[in-house]
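The structure comes before the details.

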Amino acid sequence: MMPRSFARAAVLPLLLGGCAYQRYQSDFGAAGVEDRQFLTLFWIFLGVCAFMYALVIIFLGAGIARSRRAAEANVVETGRHHRSHPLMRSTLIGWAALIGVGLAGLAIASFFTDRSMAAAAANEKLSVTVTGNQWWWDIVYNSGDASKTLRTANELHLPVGVPTRIILNSADVIHSFWVPSLAGKQDLIPGRENDIIIVPKTIGMFRGQCAEFCGVQHAHMSLVVVVESYPDFVKWWSHQLQPAPMPTTPLAMAGYKYVTTGPCSACHSIGGTTAGGLVAPDLTHLASRRSLGAGTLPMNEGNLYGWVEDPQSLKPGVHMPTIGLEPDQLHAVVAYLETLK
Amino acid sequence: MTDVRADTFDLGRRENERERVEAENRRLEQERKKIARDGPKLKGEKLASRLDATWGRPPGIIGWLASVDHKEIGRRYMLTALAFLVLGGVLALAMRVQLAQPDSALISAERYNQLFTMHGSTMMFLFAVPVMEGVAVYIIPLMVGTRSTAFPRLNAFSYFMYLFGGLMLWIAFALNIAPDMGWFAYTPLSGPQFSPGKRADVWAQMITFTEVSALAAAVVLVCTILKARAPGMTLSRMPLFAWAMLVQAVMIIFAMPAVALCSSMLISDRTLGTNFYNAAEHGDALLWQHLFWFFGHPEVYIIFIPAHGP
């Protein structure tokens with residue numbers, strides 16, 4: 001069961017399309033300001049270190065190639081080779097100076113990268129709180145106006161070019177927020193508040209993954225980040241703010257009744273209904289998301305059936321219990337969930 | 001004239017002095033014969049039997065278990081560490097087989113988490129540190145020119161603590177109560193709320209055993225190197241490996257108490273209901289990481305330095 005779900009997760013990025021696959025989850029994605037600055041720093045470090053490494057290897061090669069007799073004559077007998085060889089002395093001084101200059105250069109490069117990252121992050125326009133849970137991401141778009149505070153899960157939409165502060169905390173154990181194409185890692189720690197500023201520069205879809213081992217389904221705790229143009233983002237945001245539509249078909253209506261009065265509502269919330277549980281992902285626009293179970297499965301009807309019927313076999317250990325719905329209940333629940341676009 | 005008289009007087013005084021010294025020497029000789037010490041005066045059969053009484057071991061399995069011979073303990077240390085290396089390697093192999101293809105149904109998620117926890121804990125605590133301590137316990141007394149390590153019994157104690165710690169972990173694995181929260185055991189994942197059952201307790205207890213063992217071996221090595229060197233072997237004339245082990249042992253003495261402390265606090269959180277790592281009760285989940293990596297960072301050099309000694 002679980003292996004098959006792995007396969008689906010692997011196919012997911014291909015199904016999603018719309019972005020270069022190699023940028024989907026990569027430190028070289030260069031899709032955000034922070035990641036671009038990291039990359040620049042990385043190339044500087046790589047260049048300096050490669051140069052020094054090449055020098056060491058050249059000296060090592062020369063040392064090996066030098067004849068043993070010459071080495072013995074100079075080193076063993078006098079024991080003062082550095083004094084008797086002005087060339088050796090100046091080489092050693094030059095070597096020490098080179099190390100000093102190299103390290104200073106790297107320190108200066110890191111300092112300026114750090115400053116420019118702080119400058120890029122200075123004027124945040126959007127604030128999002130991401131709360132880590134075993135094993136899903138709770139996402140709240142903060143707003144002073146409670147009616148404009150948006151709660152969703154496992155799919156983060158960001159407007160391109162807008163500095164966004166992601167406030168990170170955890171409801172249970174330590175997780176780590178890591179969307180390598182956009183920015184570095186930052187831990188989500190219970191009892192503490194961290195943050196990370198993302199300035200996305202490329203429109204596309206990127207995968208995030210929990211990067212701190214957090215329990216049995218740590219591998220299935222991923223996040224889709226959709227970077228879109230500002231108008232697209234506003235469209236998505238205002239749609240997500242809408243409450244769930246009332247179902248129109250009798251089957252979906254039966255599902256609505258079951259979900260909002262049955263066990264589902266104890267944990268899940270659905271805007272505009274009586275379902276108000278806060279310990280599981282918000283379902284108001286579940287069917288508009290791209291994945292199920294925090295990236296475990298792509299969103300489609302078949303997977304919804306499988307997930308609702310037996311989440312424990314698709315994501316063993318997940319906190320959603322296998323309830324054991326009757327077939328007619330299952331049909332109804334899935335029909336209702338599919339209306340939550 | 002006066003000079004001559006003075007000389008004669010002096011001579012008589014010296015004569016008396018010499019007699020007194022000789023008498024004292026004779027008395028000491030008698031004393032030595034009574035005590036029969038280890039030294040140049042003791043030769044032949046007597047020396048052999050006395051050495052045997054001091055350093056030999058009683059026959060049979062009890063004698064084998066009670067041995068405090070540094071070479072024997074060193075050999076046991078190395079063989080045990082190599083056995084754990086093989087076991088840890090087999091786990092790595094199993095993990096790689098699982099990862100060789102997507103969707104492999106070979107190992108369940110729960111078992112997989114146990115595998116990498118067991119692999120990390122085994123390699124770090126049961127192989128990498130003990131194996132070089134074993135080499136050192138074997139070779140350091142030979143290098144610095146002493147018959148055995150300082151505190152030979154503490155040395156044996158340290159080996160058995162290590163063995164029992166390792167056996168406990170692996171027996172727990174065989175009984176399916178092996179830890180599954182990573183070899184770094186971050187709280188609160190390893191705490192009472194998110195790791196119910198005995199798995200994390202087994203891990204923390206194994207840590208306590210192996211830390212006590214590593215600390216004991218480190219004390220033995222530091223004392224051997226600093227206090228039991230052959231006459232004339234100054235620190236500057238000491239073999240490089242002895243220096244490497246001295247540095248490693250001092251690092252162990254500084255670093256290991258941190259992890260012993262944090263794992264004891266974890267045990268106390270789990271079994272006594274304290275809240276050291278519980279953020280909801282003004283504890284701090286990060287405290288674990290600070291204490292653990294206070295050990296974890298030197299650990300890299302604890303592993304690395306001895307291998308650089310020779």
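## Nonpolar cores

A nonpolar core is a set of buried Ala, Val, Leu, Ile, Met, Phe, Trp, Tyr and Cys residues joined through side-chain atoms within 4.5 Å. Buried means under 20% relative accessible area, exposed over 50%, and partly exposed in between, with a 1.4 Å probe and protein chains only. The model is predicted: local features need pLDDT of at least 70, side-chain atom pairs count only at pLDDT 80 or more, and totals for chains, interfaces and linings use all residues. Residues are numbered from 1 along each chain as its sequence is written, chains are lettered from A and ligands numbered from 1 in the order in which they are written, and side-chain values use heavy atoms, with hydrogens and water left out.

The largest nonpolar core holds 103 residues, and those with the most contacts inside it are A:L156, A:I166, A:F177 and B:W203. Helix α5 of chain B (residues 109–144) supplies the largest share of this core, 16 residues. Apart from it lies another core, of 24 residues, including A:C264, A:L283, A:V333 and A:L337. In soluble globular proteins, nonpolar side chains tend to be buried together.

Contact means heavy atoms within 4.5 Å. Beyond its neighbours within four places in sequence, A:L156 is in contact with residues including A:V128, A:I139, A:Y141, A:I166 and A:F177.

A:E155 belongs to strand β4 (residues 155–159) of chain A; helices (H or I, at least four residues) and strands (E, at least two) are DSSP runs, numbered from the N terminus. A:E155 counts as buried because its relative accessibility is 3%. With sequence neighbours up to four places away set aside, its contacts are A:I139, A:L223, A:V224, A:V226, A:S288, A:R289 and A:R290.

## A:H331

Helix α11 (residues 327–338) of chain A contains A:H331. This residue is partly exposed, at 40% relative accessible area. Not counting residues up to four places away in sequence, A:H331 touches A:L251 and A:Y305. A:H331 and A:V224 are 107 residues apart along the chain, and their C-alpha atoms are separated by 28 Å.

## Helix α5 of chain B

Just after α5(B), B:G145 takes a positive phi of about 75 degrees.
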